[in-house]
Amino acid sequence: MLRVKPTSAPSAVPTPITVPLRSAGDWASVPLGSTVRATVRLGAPEPGSGVYAEVRVRDGPEVVAPPDAVPAVVGSLRRGLVEACSGLWPDARALVPALVVGDTSGMTQEARDRFVVTGLTHVTAVSGANLVLLLGFLRAVAVGCGLRGHALNGLLVAGVAGFVVLCLGEPSVLRAAAMGLVGLAALGRAGRGRQGLRFLGVAIMVVVLAEPSMARNLGFALSVLATFGLLRWAGAWTDLLARWMPRWCAEALAVPLAAQVATMVKPSPGARK
């Protein structure tokens, strides 16, 4: 949160901002979640960036208050991941934290440009794929330990919440978490049909109210469509395919097929690229 202090009373501005730094070294040593004071200059952001302001810092940060317990733990975990990758090759050392928790601080500008040119910028933005891997791991461990029913679902929900906190609640993480929770709520036959669509509608409303910029975010729209496809068709197609093949194979085919069909939206004839 940015707290603006003009000549009148100070006011809090809970909106996304971008802070380009002249000297990243001074700021890199500040623990995550700390309250800092610095002299800045407000400016207009780049069009379509999704942020409300660009703040140019004139000097180094002055730490006013240390981080609370939760940000301190999150910062420790993120630093631990970076330290665990210190023995890897330079490219891998920078890329692994970006793939796991969206920490792109170690990536060079050249590496960022390569991802842009190849159309792979979504790989370094933590999203649904990361969440699926995490929930798959948690589910496998929990089932192996004998966890079932509501206890298993509770563990998976806690995993989603922890994932959001660890990845600092970025927009891509929020939409992945919202759609992941819809998937968890719609597990089984009870989540099919209208009940599953109710879950999806509630998730859309919560995400847009929490982050209004998501209403015009193409990635969020595609996530909603993919989740709709899973709720509407994946279960029925799995049952159909399971007549001729093992159920695990039917699910592996039906789930991505339903998501793919739902996201194949044809643009209007007058739409421009």
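Predicted model: local features only at pLDDT ≥ 70, side-chain atom pairs only at ≥ 80, totals over all residues.
Q: Hi! Which residues touch the most other members in the largest nonpolar core?
A: Those are Leu-131, Phe-163, Cys-167 and Val-173, out of 15 residues in that core.

Q: And which helices each supply at least two residues of it?
A: Three helices do: α5 (128–144), α6 (149–166) and α7 (171–185). The most comes from α6, which gives 5 residues.

Q: Nice. What does Leu-131 touch, leaving out residues up to four places away in sequence?
A: Its contacts are Val-160, Phe-163, Ala-176, Ala-177 and Gly-180.

Q: Which residues are in the other core?
A: That core lies apart from the largest one and has 10 residues, including Val-182, Leu-200, Val-207 and Leu-231.

Q: Switching topic: where is Arg-78?
A: You'll find Arg-78 in helix α2, which covers residues 69–84.

Q: Is Arg-78 buried or exposed?
A: Arg-78 is buried, and yet it has no salt bridge. Asp-103 is the nearest side chain of opposite charge, 4.4 Å away.

Q: So what does Arg-78 touch, again not counting residues up to four places away in sequence?
A: Arg-78 touches Asp-103, along with Val-101 and Gly-102.

Q: Where does Leu-120 lie?
A: Leu-120 is in the loop between α4 (109–117) and α5.

Q: Why does Leu-120 count as partly exposed?
A: Because its relative accessibility is 38%, and partly exposed covers the range between under 20% (buried) and over 50% (exposed).

Key:
Residues numbered from 1 in each chain as written. Heavy atoms only, no water. Core = buried A, V, L, I, M, F, W, Y, C linked by side-chain atoms within 4.5 Å. Buried < 20%, exposed > 50% of the residue type's maximum accessible area, 1.4 Å probe, protein only. Helix = DSSP H or I, 4+ residues; strand = E, 2+ residues; numbered from the N terminus. Contact = heavy atoms within 4.5 Å. Lys, Arg positive; Asp, Glu negative; His and termini not counted. Salt bridge = Lys/Arg side-chain N within 4 Å of Asp/Glu carboxyl O.
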